[in-house]
Amino acid sequence: MTSETNLDLLDTDPVFQLKGGMLTMTVLELVHLAPQRFAIQLAEKVEQAPNFFQDTPVLISLEKLDDDMDISGLIALLRICRDHGLQPVALRGAEQFRPLAQQASLVLLPPGRSRDKIIEAPEPAPQPVAQQAEAAPAPAPQPADTTPTRVITEPVRSGQQVYARGGDLIVLAPVSAGSELLADGHIHVYGPLRGRALAGVRGDTGARIFCQSLEAELVSVAGQYKVAEDLRRQQWKEAVQISLEGDILKIAAL
């Protein structure tokens with residue numbers, strides 16, 4: 001067995017490098033401290049796409065928490081997250097939470113920017129009263145099997161999440177890195193797809209993802225997913241469709 005000589009110790013050949021990078025982090029924004037409700041609601045989310053949540057690093061935001069939290073409450077919260085496959089790595093909030101973070105061996109990050117938000121479906125505009133009074137004959141009933149489609153015309157920015165519940169999602173603008181698209185049906189992106197796209201989140205194995213330029217951080221159909229490292233080996237920055245065959249994601253040119 002050889003030992004390091006003085007010359008070895010003075011060798012300037014670097015054994016590591018420090019690099020900057022942009023990493024996508026799932027933010028769990030805590031509003032109420034209610035462990036039982038939290039566990040139930042988190043289980044429902046994980047059920048939609050179990051593979052997506054497995055070993056996912058999570059940033060827990062306490063900025064909107066309306067209750068006091070002590071170390072026992074935080075430990076209970078962390079245990080629930082880990083039981084469902086999430087891996088909390090940091091807290092986000094005011095300086096008052098630093099002792100709490102240190103006790104739980106977590107990093108404390110400063111409050112986030114206001115762009116971290118969930119896009120909600122717009123409410124339909126109310127019909128003017130005068131126009132209601134002039135009601136014509138009742139419109140023909142819609143077919144019972146009509147599938148709702150959600151159309152987004154604005155760019156989807158980092159930190160935003162868009163969900164098409166019960167139907168397809170159509171985005172007529174670019175999708176930025178750090179954003180997330182979810183749909184119970186298909187996802188269509190008529191522009192670059194740089195964030196995450198999860199189609200068939202309630203288990204529809206026939207769902208597909210269509211995009212004009214594949215630059216995604218993650219794509220998933222019915223819980224089966226691929227991340228950027230895998231996608232770069234295929235039709236990167238090309239127009240593609242993504243479908244599920246068995247339990248394997250297939251990527252084909254449009």
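**Sheet pairing and helix packing**

Strand 1 and strand 2 (residues 56-61) pair in the parallel sense over four bridges, where two strands are taken to pair if DSSP finds at least two bridges between them, and where helices (H or I, at least four residues) and strands (E, at least two) are DSSP runs numbered from the N terminus. Within this pairing, Val27 has Leu59 of strand 2 as its bridge partner. The model is a predicted one, in which local features need pLDDT of at least 70 and side-chain atom pairs count only at pLDDT 80 or more, while totals for chains, interfaces and linings use all residues. Residues are numbered from 1 along each chain as its sequence is written, and side-chain values use heavy atoms, with hydrogens and water left out.

The open sheet comprises four strands in the order 1-2-3-4, with parallel pairing. Strand 1 (26-29) and strand 4 (107-109) stand at the edges with a single partner strand each, so one side of each is left without a neighbour in the sheet.

Helix 2 (residues 35-48) packs with helix 4 (residues 71-83) at an angle of about 15°, the axes being 10 Å apart; axes are lines fitted to C-alpha atoms, for helices over the stretch in contact, and angles run from 0 to 180 degrees between N-to-C directions. Helix 2 is therefore roughly parallel to helix 4, a term applied to angles under 35 degrees, with those over 145 counted as roughly antiparallel, 65 to 115 as roughly perpendicular and the rest as oblique. The contact (heavy atoms within 4.5 Å) is made by Pro35, Phe38, Ala39 and Leu42 of helix 2 and by Leu77, Ile80 and Cys81 of helix 4.
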